[in-house]
Amino acid sequence: MSSSERVIGVIGSGTMGAGIAQAAAASGFIVKTMDTKPDLVEKAYTGIAARLDERVARGKLPKHDRDATMARLKVAGSPADFGHAECVIEAVTEDLSLKQSIFRELEKVVSPRTLLATNTSSLSIAKIAEGLERPERFLGMHFFNPAPVMKLVELVQGPQTGDQAIVDARAICARLEKTAVKVKDSPGFIGNRVNRPFYLESLRLLENGEADLQSIDAALRSSGGFKLGPFELMDLIGIDVNLTVTQTVWNDFGNPARFKPSAVQEKLVAAGHLGRKTNRGFYDYANSQPVPAYESQPRSTSGWKPDAALEAFAQVLEKPADRAMWIHARVLLAVINEAALAADTIALPRDVDLTMELGFNYPQGPMSFADHVGLDVVLELMKKFHAETGGDERYKPAALLEKLVSNGDLGEKTAQGFLHHWL
Ligand SMILES: NC(=O)c1ccc[n+]([C@@H]2O[C@H](COP(=O)([O-])OP(=O)(O)OC[C@H]3O[C@@H](n4cnc5c(N)ncnc54)[C@H](O)[C@@H]3O)[C@@H](O)[C@H]2O)c1
């Protein structure tokens, strides 16, 4: 191996480990992967070869690039093989004590300069770092699935993570052609936290009979511009997987009402209706066209009329202030409020938007969407929703939103809102 070669170590060769190994090898890194047994790594590499072969067959990847990528993938027999790695990324099962023991062992055998990263989705970086001698070289590098395709990495800064570790991780992400965002160690990081209301508010509208599930999905697609509605997405991801994320975020924040898991979701999971993987979730997939499988009793909306705040919101979006717009606004404003809380405490507003766009397929980040609508318009409607939901904390305007509006920083129209804009 020449001294100019850059080496990345990967621990765990499951879904994420294999994906990260593939992405790194395709970007020119020598990758050494370790699992509990070398056969597991070989099996993962066979899977990577099959994926690359398919791309070669479709004319998407030159054969010599496929061969060069495969030649960079090596098997590590023990942590000592990671001695010269510039970074080791851990992607083993989501288990705190397992991750802690892996990093404690690893630290003894790698260079003091080696960056140590965990791909955890939900564990605290501070807790994983407990007992490390060099916690300043340790951080979270949260890749998204499928790692070779998804462009986002959340860099999670624990209380002891050094700035140089973030700088080094950014350089690795640049080589991987990924966009890195920085977030302070906190439940759900940026994405899994800010995205919660997208599901939870939709579930509440369903549960309260304010709309049926097809109308909610259709509103988020047509009015909101999302590729899939919240119920279609939960069915795709797995309702159980989605519920686990909500429970973790809810518990780790100390059980605030705004993250409380929905009873509808809990009932479906208990009944084994987990979504597409069981052929039934919110929809039934037994036939070619999915049909709603969840019985709800939506109330009549015949006397419903938009109020002035919704009219103003819809006017900026140049769409009718109809019931679909009301559903879209209810869901999006809950997301914007959570995004504002996050932007005030754990991440830059720009990074919140990048996360939602690149990691969660939002058509537009919640911060720039709010700036486009106008923060005064958003705040007015937020207050209406707060009143009409009986003071629900999901719509209790975030301090940052209130402050920007009182300063006259209203978004695009004043060149400053959550983000800076050119006039
Ligand atoms: N799957 C996702 O969508 C996703 C997305 C982002 C982050 N994550 C996180 O990535 C991590 C891995 O998730 P996954 O979905 O790839 O899991 P997985 O179950 O597919 O793979 C885990 C791998 O770790 C290996 N492993 C277990 N103990 C080990 C040990 N002591 N040493 C070496 N290898 C060991 C297992 O054999 C397995 O191959 C978790 O922390 C998860 O939270 C997952």
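Reader: Why is alanine 415 called partly exposed, rather than buried or exposed?

Author: This is a predicted model, and the label rests on a count. Alanine 415 has 14 other C-beta atoms within 10 Å. Buried needs 20 or more, and exposed needs 12 or fewer. The count of 14 falls in between, so alanine 415 is partly exposed.

Reader: What else is noted about alanine 415, and where does it sit?

Author: Alanine 415 has a positive phi of about 70° although it is not a glycine. Its place is in the segment after α18 (399-406).

Reader: Which class does asparagine 279 fall into, and what makes it so?

Author: Asparagine 279 has 14 other C-beta atoms within 10 Å. Look for it in the loop between α12 (263-270) and β9 (283-284).

Reader: What makes helix α10 mostly covered?

Author: Helix α10 spans residues 230-237, and six of its eight residues are buried. Those six are Pro230, Phe231, Glu232, Leu233, Met234 and Asp235. To be buried, each must have 20 or more other C-beta atoms within 10 Å of its own.

Reader: What covers the buried residues of α10?

Author: The cover includes α8 (196-207), α9 (213-222), α11 (239-252) and β9. Just after α10, glycine 238 takes a positive phi of about 110°.

Reader: How many residues are in the largest nonpolar core, and which have the most contacts inside it?

Author: The largest nonpolar core has 127 residues. Ile20, Leu333 and Val378 have the most contacts inside it. Helix α14 (residues 323-345) gives the most to this core, with 15 residues. The core draws at least three residues from each of domain 1 (7-184) and domain 2 (194-414).

Reader: What does valine 378 touch?

Author: Leaving out residues up to four places away in sequence, valine 378 touches Leu333, Ile336, Ala370, Val373 and Leu401. A contact here requires C-beta atoms within 7 Å.

Reader: How far apart are the C-alpha centres of domain 1 and domain 2, and how many residues from each take part in the contact?

Author: The C-alpha centres lie 33 Å apart. The contact takes 11 residues from domain 1 and eight residues from domain 2. On the side of domain 1 that touches domain 2, β7 and β8 (179-184) each supply at least two residues. β8 gives the most to that side, with five residues. By class, that side of domain 1 has five nonpolar, two polar and four charged residues.

Reader: Which residues are closest to the ligand?

Author: Gly12, Gly14, Met16, Ser121 and Asn145 are the closest of the 21 residues that surround the ligand. Helix α1 (residues 15-26) gives the most to this shell, with three residues. The shell divides into eight nonpolar, 11 polar and two charged residues.

Reader: What makes the peptide bond from asparagine 145 to proline 146 cis?

Author: Its omega is near 0°. Proline 146 is in the loop between β6 (138-143) and β7 (152-157).

Notes:
Residues numbered from 1 in each chain as written. Predicted model: local features only at pLDDT ≥ 70, side-chain atom pairs only at ≥ 80, totals over all residues. Core = buried A, V, L, I, M, F, W, Y, C linked by C-beta atoms within 7 Å. Helix = DSSP H or I, 4+ residues; strand = E, 2+ residues; numbered from the N terminus. Domains from an automatic or database assignment. Contact = placed C-beta atoms within 7 Å. Near = placed C-beta within 6 Å. Nonpolar A, V, L, I, M, F, W, Y, C, P; charged D, E, K, R; others polar.
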